[in-house]
Amino acid sequence: DKMVDFIVVTRDTYAFHEHNCQQNPRHYSAIRFLGITKLTQFQRYCGACLFFNTRIKTSFGPMMKYGII
């Protein structure tokens with residue numbers, strides 16, 4: 001199925017993930033159980049520094065995914 005894509009730009013990825021994980025824990029895979037510090041380190045030092053939450057159900061129809069950079 002098609003997904004709507006969003007890119008979220010933030011100055012503080014730690015603060016973003018800390019707040020977002022509290023508000024939307026189901027958006028995160030099992031990586032959330034490592035803690036916000038490890039999640040942020042993973043994003044900063046592995047790959048393209050872009051962390052995606054995928055297959056998010058929306059109230060307006062299509063599923064979405066969003067990346068944090």
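How far apart are the mean positions of the positive and negative charges of the chain? For the 9 positive and 4 negative charges, these mean positions are 4 Å apart. Lys and Arg count as positive and Asp and Glu as negative, with His and the chain ends not counted; each charge is placed at NZ of Lys, CZ of Arg, CG of Asp or CD of Glu.

This is a predicted model, in which local features need pLDDT of at least 70 and side-chain atom pairs count only at pLDDT 80 or more, while totals for chains, interfaces and linings use all residues. Residues are numbered from 1 along each chain as its sequence is written, and side-chain values use heavy atoms, with hydrogens and water left out.

**View 1. Secondary structure of the chain.** The chain holds 2 helices and 3 strands, arranged along the sequence as β-α-α-β-β. Helices (H or I, at least four residues) and strands (E, at least two) are DSSP runs, numbered from the N terminus.

**View 2. Residue F6 and its contacts.** F6 belongs to strand β1, residues 3-8. Setting aside residues up to four places away in sequence, F6 touches F52, M64, K65, Y66 and G67; contact means heavy atoms within 4.5 Å. The relative accessible area of F6 is 38%, so this residue is partly exposed (buried is under 20%, exposed over 50%, partly exposed in between; 1.4 Å probe, protein chains only).

**View 3. F6 and F16.** These two residues are 10 residues apart in sequence, and their C-alpha atoms are 15 Å apart in space.

**View 4. Burial and contacts in the chain.** Of the 69 residues in the chain, 26% are buried. Among contacts between residues at least 6 apart in sequence, 48% join residues at least 24 apart.
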